[in-house]
Each structure stands twice: as C-alpha cells, then as structure tokens.
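Please take a look at the sequence and the model before reading on.

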Amino acid sequence: MMAGTNLIILLACNMPWLNERLGKFDLQVFNFADTGRGLATIRDRRVGEVLLEVSDALTPTEILQRFKSIHSTAAAAQSLTNEQVLSLGILELKAINDDYALSLPDHQYSVLTIPSTLKQCFPRCYQASIEASQETAFQFYQQIKIHSKSPPSLADFLWAFATVRSRSLLAPECESHPLLVDGPGSRILLPAFDVLNHKDNAQSALELLQNRENEEVWRLTANEAYKAGDQVFISYGNRDNLKLFFIYGFCMRENSDNLALFDLDDLLEACIKIRPNLFSKDIIKRIKPQLEAAVGTNRGEDRAMFSLDSKGPRDSLMGGLNMMQQVSTQLSTARDDEFMKDITKCLQDSRSEEIRKCLSKLDTLDDLEEGWSDTKRFIRILLESEHALLEMKC
C-alpha cells in the first residue's frame with residue numbers, strides 16, 4: 001500500500017482497460033474509504049504537471065455518425081437532447097462490448113430509481129422535485145420509444161441516462177449537432193476523466209488543445225502538489241447539496257454552497273400560517289394559478305426555486321417574498337412592515353420541523369434494497385447540513 005493514503009481496495013482486476021490507459025499517466029483506480037471509486041496517483045506530482053490526457057471524447061455528433069439507428073431516431077423525433085443521444089450511444093457501445101462502456105458501473109443509484117421508502121425521507125418539495133425528475137426521464141424514454149425501431153428497455157435507459165448525467169460535462173468548445181435541440185455547446189463523455197471525484201475548490205485545470213500529433217486532447221493539469229497515494233480531484237462546480245444529490249448521487253457535509261430551497265407551495269403555506277386573516281384557503285386557491293404562471297412552476301427538478309443560504313434569503317427567495325407582499329398589499333390596505341421577515345421565519349421553522357421528521361423516518365429504515373445504503377447516508381448528510389444552516393439563521 002502506498003504511503004500517506006486511505007486506499008482500501010484495489011479495483012484494477014475488474015478494469016484492465018481503464019488502468020492500462022491510466023497507467024500511462026501513473027494513475028490507478030482505487031476504492032477510497034471516504035469517496036468510493038476514484039483515481040490515485042502512484043507518484044508525487046508537482047504544480048503544473050499534466051495529470052491526464054483524453055483524446056477520444058465521446059460526443060453526440062460521433063454517436064449520431066457512428067450509429068445509423070440513433071441518427072434515424074433523432075431525425076424522426078426532432079427533439080432529442082445531448083443527454084438522450086449519449087444515453088442511447090452508451091447502450092449501443094455496451095452491446096458491442098466496447099471497452100469504455102464495459103468499464104462503467106453496472107448500477108446507478110440515482111433519483112431516477114430511488115426506492116419510495118428513501119424518497120419519503122425528503123421534505124415534501126424535494127419529493128416533488130424527485131418525482132418531476134423521474135417524470136422528465138420517463139417522457140424522454142417515451143420519445144425514444146415512439147421514434148426508435150428497437151428501443152431499449154426502460155430500466156436500461158434509466159441506467160444509461162443516470163450514467164450520462166453523472167459523468168458528462170458541458171463543453172462550450174464543441175458544437176451541438178443540428179438534429180439536437182439543446183445548445184450552444186455539447187455534452188461530452190471523457191473516458192477515464194469521468195472517474196475523478198469532486199472536492200470543493202479542487203485545484204486542477206481542464207483545457208482542450210492540440211498535442212504533438214495534432215490531435216485534439218483534453219488535458220488535466222495540476223494546480224496543486226500531490227503525494228504518491230493521494231486521490232486526484234476535480235471540482236464539479238459550485239453546487240448546493242440538493243443539486244449534487246440529483247446529478248451525482250452524493251452530498252457533502254462541509255459544502256460552502258449549501259442552500260435551503262423552497263417551492264411556491266412552501267411560500268403559500270407560510271402565508272396561510274402567518275397571515276390567516278388575509279390568506280384563506282379560498283384566496284390561495286383563487287390566486288395560485290396566477291402565481292404559478294408568474295414564477296413558472298413547470299421546471300422539473302428545479303421547482304424548488306426559492307433559496308436561502310448562510311447569509312439569509314437569496315435573490316430568488318427575495319423575489320418570491322416581494323411577490324407575496326404585493327399580493328398582501330392588494331388584499332389589505334394596512335401597512336405590514338414585518339411581512340417578509342415573518343414569512344422567512346415561518347419557512348425556516350417549518351422546514352426545520354419537517355427535517356426532524358424526515359430524520360426520524362430515516363432512522364427506521366433498516367431493510368433497504370441492496371446497494372442503497374450509501375444513498376441513505378448521503379440523504380442524512382443533506383438533511384443534517386440543511387438543518388444546521390436553518391438553525392444558524394433562526
């Protein structure tokens with residue numbers, strides 16, 4: 001075992017192709033005690049040293065050019081996305097025993113397939129976001145099923161979609177294919193690079209350039225020194241714990257970007273509690289469609305759009321509070337200077353109580369389906385971190 005490391009299990013026996021290409025850069029795949037599968041350097045690294053180069057990026061354009069069946073599906077649908085095409089491509093590659101596809105984990109423990117017992121351990125608005133994400137994925141699958149001559153099974157598509165979602169990155173440098181509806185830029189997969197784990201403020205730089213053979217390569221350079229045995233990290237960007245969980249399936253206890261998020265129903269329920277003389281259930285029923293149109297509630301998993309951080313309400317929540325205060329002013333001529341402060345306090349208190357109940361539910365879950373124990377641990381981290389944030393603001 002290498003000095004200064006917390007490695008516990010070497011996984012090279014299961015992925016010779018991956019470790020062969022990583023070996024050229026003195027990297028290996030290991031299972032780390034705290035982060036799971038990741039990349040370890042087997043020698044010391046200096047600042048400015050090249051950590052990894054990838055010349056065979058997998059793009060939607062390549063998939064469409066390589067597989068006529070996927071091109072036909074995209075042409076017929078006229079509404080497929082980069083993620084959908086990459087998902088179909090991964091399944092095609094796996095079917096022909098492609099080395100990269102076979103190096104991918106066989107299971108994805110994501111919100112798309114999360115057991116209902118675990119989903120019920122989230123606050124109500126997060127549950128609604130999970131259901132919206134699942135519905136979006138199902139609609140994507142229905143599009144493919146309609147326009148493909150031999151569509152994959154739903155289970156296979158959800159595995160591929162979750163795989164692409166957690167491993168792809170947006171590359172503004174790459175043009176999106178004209179058959180696809182999302183852009184500018186394209187989502188791509190970088191074999192081997194996608195094993196790297198996230199660390200807040202990780203010091204590494206990724207750039208697209210040409211090597212000595214005039215090939216386009218994605219190069220990862222170290223902006224900090226590493227010792228032999230250290231795990232090499234990248235940053236997935238500034239994301240709150242809910243976003244990390246939805247995309248990648250994990251959360252961080254120490255996350256400087258952590259948020260508490262609320263949806264329109266949370267705001268309306270707080271108004272009913274704090275100003276029941278103004279916001280009766282009949283009033284709420286009458287004004288809710290107009291408010292939904294104003295904020296746009298058809299946002300999939302981003303329906304929890306009003307956020308609060310360690311400093312207080314962010315712009316999104318301030319916008320929601322201002323909107324509700326305008327409604328309050330229309331319903332009453334009396335000045336109400338404490339309205340926004342009272343609603344914010346109610347949101348915090350209600351969510352804190354909701355989280356306590358969620359944690360109690362989580363404590364009762366013992367017989368989870370195989371493979372979901374880490375998900376349970378990350379849900380606990382998400383809930384406890386948000387609770388600490390809310391208690392700090394109260």
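Predicted model: local features only at pLDDT ≥ 70, side-chain atom pairs only at ≥ 80, totals over all residues.

Residues are numbered from 1 along each chain as its sequence is written, and side-chain values use heavy atoms, with hydrogens and water left out.

**Pockets**
- A pocket here is an open set of points on a 1 Å grid over the protein atoms alone, where a 1.4 Å probe fits, with protein on both sides within 12 Å along at least five of seven lines; lining residues have an atom within 4 Å of a point.
- The largest pocket holds about 1,400 Å³ of space, taken as the space filled by probe spheres set on the points.
- Its lining has 47 residues, with Thr-35, Gly-36, Arg-37, Asn-197 and Tyr-248 nearest the centre.
- Among the 33 residues lining the second largest pocket, Ser-168, Arg-187, Arg-239, Ile-247 and Tyr-248 lie closest to its centre.

**Nonpolar core**
- A nonpolar core joins buried (under 20% relative accessible area, 1.4 Å probe, protein chains only) Ala, Val, Leu, Ile, Met, Phe, Trp, Tyr and Cys residues through side-chain atoms within 4.5 Å.
- The largest such core counts 119 residues, and Leu-52, Phe-193, Phe-245, Phe-279 and Met-324 have the most contacts inside it.
- Beyond neighbours within four places in sequence, Phe-245 is in contact (heavy atoms within 4.5 Å) with residues including Val-111, Phe-122 and Leu-382.

Terms used
Buried < 20%, exposed > 50% of the residue type's maximum accessible area, 1.4 Å probe, protein only.
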